[in-house]
Amino acid sequence: MLVLALDTATPAVTAGVVELTPDSLPRLLAERVTVNSKAHGELLTPHLQAALAEAGHTLADLDAIVCGSGPGPFTGLRVGLVTAAALGQALNRPVYPVPTPDAIALDAATGRPLLVATDARRKEVYWAAYDAAGRRTDGPHVDRPADLVGKLPAVSDAAGEGAEIYADVLNLPVVQARYPSPVSLVAVAAEELLAGARPAALTPLYLRRPDAVEPVGRKRVTKA
Amino acid sequence: MTDRLILGIESSCDETGVGIVRLGPDGSMELLADEVASSVEEHARFGGVVPEVASRAHLEAMVPTMRRAVEQAGIQLRDVHSIAVTAGPGLAGALLVGVSAAKAYAAALDKPLYGVNHLAGHVAADTLQHGPLPKRCLALLVSGGHSQLLLVEGLAERITEIGSTVDDAAGEAYDKVARLLDLPYPGGPPIDKLAKQGNGCAIAFPRGLTGPRDSKYDFSFSGLKTSVARWVEKQERAGEEIPLADVAASFQEAVADVLTAKAIRACKDFGVDTLVISGGVAANSRLSGLAAERCAEAGIELRVPKPRLCTDNGAMIAALGAHLVAAGAKPSSLDLSTTPGLPVGTIQIH
Ligand SMILES: [Zn+2]
């Protein structure tokens, strides 16, 4: 089956076309990735069109869409999810959300317990922990790197851009899987995709409440 | 040429809107669907729109609103001819949800995309109800986010801002005064209701920027809001009861007086005989009432679309898209950017 993979939960604007069959690993046909945290809105649709064109396909050929559901900076994260949702509706194809760190964990796969940390801005990271078999054992959460060290289950390696930025706080060997790849995004959802399972709701993993304060009383303009 | 279906998507503030307009071969327009999902209630306890709350609501509402619009119009998405979307001005995160969705629909359906100006959309909304505009007219846009006087010389051709607020938008002043009087958010409807029982001449609140040396077409509402606050606090200090209805009516009178006086003056100065009033505050009874009186006196035709078309919606964006398609405008590129501060003179972003 032909699957479009999208992710905008990190600074990487990611679109890839992946072939998935029951008896082999997902295979990348084409991808377009640009690392620019401000360009998700501009680039995602052109990227997915270019990847499809390179793969020799059109949107109508797709069987399903997979989209990273975060956690990630909200504004960029929503671009991927709303794009996937609109494509799914217009093409009448299922859209499968995939936690973004799960895909990064699969890319990193060291065979040892792993921490995946991405940049949550405001000096915090989004993180999740995985066992040696690659199963998520904790997270995703959002924390300051120093606080995370205290909570972290025993892991041997760290992956993701957050692991690189805060390498000296986390004090873990960093393995090279900074952003989620299209193949891993599809691999995380492979079972559901192949089974034609009913997709979960396309809900972003925000992990933080919106910044908003309720006004208390009214401000005086004259001196009391 | 046959009918063309134009889809409009709006997400610049707290309303997720999808509208569908049928553009006839003769340029006629018929509104087939106008679906809006509002997050206004989620903002009420904050006393104003919280951008992140609005953006989250847009993401949740986009596909369901589209589904309802398509159903209401009795069409299939694939029958759509073109897609128009608000590219600015507005809240950055909110705009991005609508524009990203519009790009995906355009790509999936293989249809042209038009990234358009929200303010021009407010003017275009009127043509859905009252038909084509004359070659030149003036538009007064008043809402929680905008207070502008525009010279419109073709919706697809040229729109020039001749005046705007130098501080608060008119609707913002309503919200702030409503809070002062312990009225709910948004402030427009409750103030309008209360004002009907009051006397608009009871308190002489200032008319901002109406001095001989002040900018002729610009507005200022911040001083008015402060002066209402001062008046209320003075009464409180003196232990006097506050005549809420008179305060509301006098405040509303000051707003309506300035807005209509400046709009009519602009009509005369620019030699136009049609005034369009649109935006959420256009539904205000005193504003439309006073505008009708003064336009009649001045021999100006007043056009105020029904409230549903005045507030933010997808229909107005579909209407503007239809004007652009009818004029043969070139579609926007799919790497189109949102522009939160888009000037009104830029009707379409390529
Ligand atoms: Zn508006």
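Two or more lining residues come from each of helix H1 (40-55) and helix H2 (74-91) of chain A and from H2 and H3 of chain B; helices are DSSP runs (H or I, at least four residues), numbered from the N terminus. The lining comprises 14 nonpolar, ten polar and ten charged residues, where Ala, Val, Leu, Ile, Met, Phe, Trp, Tyr, Cys and Pro count as nonpolar, Asp, Glu, Lys and Arg as charged, and the others, Gly among them, as polar.

The model is predicted: local features need pLDDT of at least 70 and side-chain atom pairs pLDDT 80 or more, whereas totals for chains, interfaces and linings use all residues. Residues are numbered from 1 along each chain as its sequence is written, chains are lettered from A in the order in which they are written, and side-chain values use heavy atoms, without hydrogens and water.

Between the chains, 37 residues of chain B are in contact (heavy atoms within 4.5 Å) with 36 residues of chain A. The two chains bury about 3,200 Å² between them, 62% of it on carbon and sulfur atoms; this is the accessible area (1.4 Å probe) lost on being put together, summed over both parts. B:Arg56, B:Leu59 and B:Glu233 supply 20% of the area that chain B buries against chain A, more than any other three residues.

One salt bridge (a side-chain nitrogen of Lys or Arg within 4 Å of a carboxyl oxygen of Asp or Glu) is counted between the chains. It joins B:Glu52 and A:Arg78, with the closest N and O atoms 2.9 Å apart. On the side of chain B that touches chain A, two or more residues come from each of helix H2 (51-73), helix H3 (92-109), helix H5 (170-180) and helix H7 (222-237). H3(B) gives the largest share, eleven residues. By class, this side has 21 nonpolar, five polar and eleven charged residues.
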